[in-house]
Amino acid sequence: MQPNQSAPFNVMRIANKEIALFFASPIAYLFIGAFAAITLFVFFWFEAFFARNIADVRPMFEWMPLLLILLCSTLTMRLWSEEKRTGTIEHVHTIGVPLWQFVIGKFLGCLMLLAIALVVTLPLPISVSFLGDLDWGPVFSGYLAVLLLGGAYIAIGLAVSAKSDNQIVSLISASIVSGIFYFIGSGLVTDFFGHNMAEFLRQLSTGARFDDITRGVIDFRDLYYYLSLIGIFLSLNTFFLEKERWVSNSSSNKHKSWRVLSGLLCINLLAANIWLNHLPQLRLDTTQGQQYSISSASEGYFAQLQEPLLIRGYFSEKTHPLLAPLVPQLKDLLEEYQVASKGRIRVEFVDPQKDAEMEQEANTRFNIKPMPFQIADRYQASIVSSYFNLLLQYGDEYKVLGFQDLIEVNARAESDVEVVLRNPEHDITRAIKTVLQSYQTAGNLFETVKQPLLFKAYVSNDERLPEQLATFKAAIKSQVEKVKASAFGKLSVEFIEPEANEFAVAKQIENELGFQPMATSLFSDQQFYFYLTLEQGENIVQIPLDDFSESQFAKNFSAAIKRFAKGFTKNVALVTPQNSDYGSYAFSQAQYRQLKQMLGAEQNIIDEDLKSGEVSGEADILLLASPRELNEKQLFAIDQFLMKGGTVIAFTSPYSASFSANRLSMNKVNSGLENWLEHHGLSIESNLVMDNSNAAFPIPVTRSVGGFQIQEMRMLDYPYFLDIREGLNPDNLITSQLGQLTLPWASPIVISDTNKNITYTPLISSSNQAWTSESLDIMPKVNAQGESSYKPSELTTQYELAVMAQGKFTSYFENKDSPLLSDIKEKEESDDNNASTESFDVSSVIKHAANSAKLILISSNDLVDDNVLSLTNATSQSNYPTSLQLIVNAVDWSLEDSALLSIRSRGNFNRTLLPISHNQQLLWEYGNYILASLMLVILMVYQRFRKRRKQMQYLTWLTQ
């Protein structure tokens, strides 16, 4: 090496020399082999990759901070110690090359060896990408984190090795120093402190920052931390080597300068970390869909804030050890809210137990109470009462989120419990939406209406109207004029007589809106028009007629305005078998608690039974959950709701499962929708779809071990549980972000295309390896070896399982009398000609719908039944089952509220593996072992070839 060569040239020469020395001995192969072997063992055995059933490689990185402590210490223990033992350190001191170039050269040599070891593990994420929908962003950031963390440990090992001439001492000392930097931020240390001090210790730890990067968030502050750690210990390494040149007990000015400069350099590198923590975050979110960044959907709600919204975090200094790491994550996220809102959101953090006045306000005004947590350490168990709450306050409206609303608990084993934030952006933004809606509801509705509205009343003149309707017409005019006066010019009013100009308007509204003359009874000669609509562009909403009172009209009119307003909670009319009188319904096991809970978090739920033949006037959407034996009046209510431009979502099929006495059976059911759906061009076949692409079914298996009977759960392939991935429509928000869906006991949907005014959009389809079966025997079939024994049909194809229809629907009752008119006639006869009847009823049939009407059909009765959800989500790691997400997405999309839909989808971590057999699992696992071994062999062959080539070049040079 020539002293007059450039620094980069010298550094690379030293690095290449170190690499050559590594491969000239077994050290490099032992290091790479041990690294690959331990990584694969932890991934497939310790973390149980296939049982975990998530398509990611985070288990590969979780143990890296501990693994690299030992491997990097082993790698660096001889680099300077061996130089001292053999005396070659004297050559380093006497050659005219600066010591720092030797230090950096050796560091880069070790780092390159670590990079080669990482390349050997690349088949692992590639394999996972074939088995599921792998998000490559966290994979790349994870490899970057390993290089940074390994670089820090290598720098520590080099500095320690420079202080000792004994390799064993260097190994132990480097492991201890590296271990201190890791364990200082672990729960073993932070559990003794409050979360403020604990967070400070975590910021000093190599492990906590490593976890942040491996989840897919590359923060500049984390990058600088590792680079500063590398810089500090490389500086110390150079200082230790320089100090060996000094004469004993010498204290010249040069020596003082070295000490001062080295100390200042280390202090500045360390202090910059503290300074950077006070600056705004500069980070890159590498996850697909940017799951850890504030979305544009949240920013849309920020824009609706007319005054500052307060978010206050109540966090106790001492809390449960599993909750403590979540506090800084929430704080970071809320600070991003404050920045993204551009001053519309104000964030505070308080510890109520240190402020008596603040605690009293939290307890009395907001009903925020401390939660008792049981904690235990090696010496004792105790109970600590602590706060873990978020308060969101906007004006006089507020909402409180507790830890139950924010966290998700994953129990992999009895002693392995993971507590993480569930989907914090969705939960916090949803709370912002709630308080915003509550605040807006108390104000003027038209403040949130963006485009002008037109109120059109197609009402006959008073001479044609019954007396009660004539009075009601006057009340409507009065009420509408009052609303118009405070509508900021956004409401226009028109009263139109359809009979004018020789029924010209009557013909027009019959053709365009399907409005027909009304009557008070089946055989009445008195016909008239009384239709009320609210329009905004092409969107038309019909205001229902209930009890013909001014107060009820005001309520229905307000509900209609809210459909065009932003930020109001919508109303979902939910029809379930439990709240409907369907006669002899024998399958009452179906429960929809989870559906109601998830829907109710964002919408108002109206339990609807349709007995009156009408849907509630406040309903924005109609959801039919596994309907049974619908009669003509109930069908008429559904039909007319659709004709009024509403949206009907139905999940139904000819079959429904029931559970009893450890027995699973399938029953034939009649929804009453069959003819109605067929009229609209949709029909559901009377068979069940089975698919080679399927999810597992958990069944208990008893086996004998040492004379004891042990029962365990075994996951078997079950073709009736359709595993939908490629069959999710990527162009519609209802399904595009689900990733994977398990659809139980579904039937094929056939589109007849009879109505050219309707657009049919398939939402969910099976794979092309699906077939159908008419058998009702759905019990899982197991052969003698305990494996699934289903055999697919020779004829396999793709089936449609969910379809959306939108357009100008024609009423099923177009050429029929209204069922309500028959009821009116019966009521009149039962009154026995009593002229003082208090009730007054009118009815008609709307012949066809406006273009805004939507019908979403999903061909599974048991999609979101609580009993079935416990089965279909047995292998899922998400707190939001995708089947529930599907329904809520359909509701949000139909209500044109896609903001929370997109945030909810961003929080969907349910990237499950493709369903494969046990033999295929073994093939992928052992294939990775073979590939890693093969890459190691190729590396050995290449190094031998390279060595031989150099020898030949040297011999040629000698000959010349």
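Helices are DSSP runs of H or I spanning at least four residues, numbered from the N terminus. In the predicted model examined here, serine 141 lies in helix α10 under this assignment. Across the chain, the secondary structure amounts to 32 helices and 30 strands.

Of the 960 residues in the chain, 53% are buried. Among contacts with a separation of 6 or more, 77% join residues 24 or more positions apart.

In soluble globular proteins, nonpolar side chains tend to be buried together. The largest nonpolar core in the model contains 86 residues, and the members touching the most others are Ile32, Phe35, Met64, Leu68 and Leu113. Helix α10 (residues 136-161) supplies the largest share of this core, with 14 residues. A second, separate core comprises 78 residues, among them Leu491, Ala650, Leu673 and Ala853. Within the largest core, isoleucine 32 is one of the members with the most neighbours in the core. When residues up to four places away in sequence are left out, isoleucine 32 touches Phe23, Leu113, Ile116, Ala117, Val120, Leu936 and Leu939.

Helix α14 covers residues 206-214, and its buried residues are Thr206, Gly207, Arg209, Phe210, Ile213 and Thr214. Viewed down the axis of α14, these buried residues fall within an arc of 165 degrees and therefore line one face of the helix. An α-helix has 3.6 residues a turn, so residues three or four places apart point the same way. At the start of α14, a side-chain oxygen of serine 205 comes to within 3.1 Å of the backbone nitrogen of glycine 207. Just after α14, glycine 216 adopts a positive phi of about 115 degrees.

The side chain of serine 141 reaches the backbone oxygen of isoleucine 213 at 3.0 Å, and isoleucine 213 is among the buried residues of α14. Not counting residues up to four places away in sequence, serine 141 touches Ile213, Thr214, Gly216, Ile218 and Thr286. Of these contacts, Thr214 is likewise a buried residue of α14, whereas Gly216 is the residue with positive phi just after that helix. The relative accessible area of serine 141 is 2%; because buried denotes a value under 20%, serine 141 is classed as buried.

How values were computed
Residues numbered from 1 in each chain as written. Predicted model: local features only at pLDDT ≥ 70, side-chain atom pairs only at ≥ 80, totals over all residues. Heavy atoms only, no water. Helix = DSSP H or I, 4+ residues; strand = E, 2+ residues; numbered from the N terminus. Buried < 20%, exposed > 50% of the residue type's maximum accessible area, 1.4 Å probe, protein only. Contact = heavy atoms within 4.5 Å. Core = buried A, V, L, I, M, F, W, Y, C linked by side-chain atoms within 4.5 Å. Arc of directions from axis to C-beta. Polar contact = N/O pair within 3.5 Å; in protein donor to acceptor, adjacent residues only side chain to side chain.
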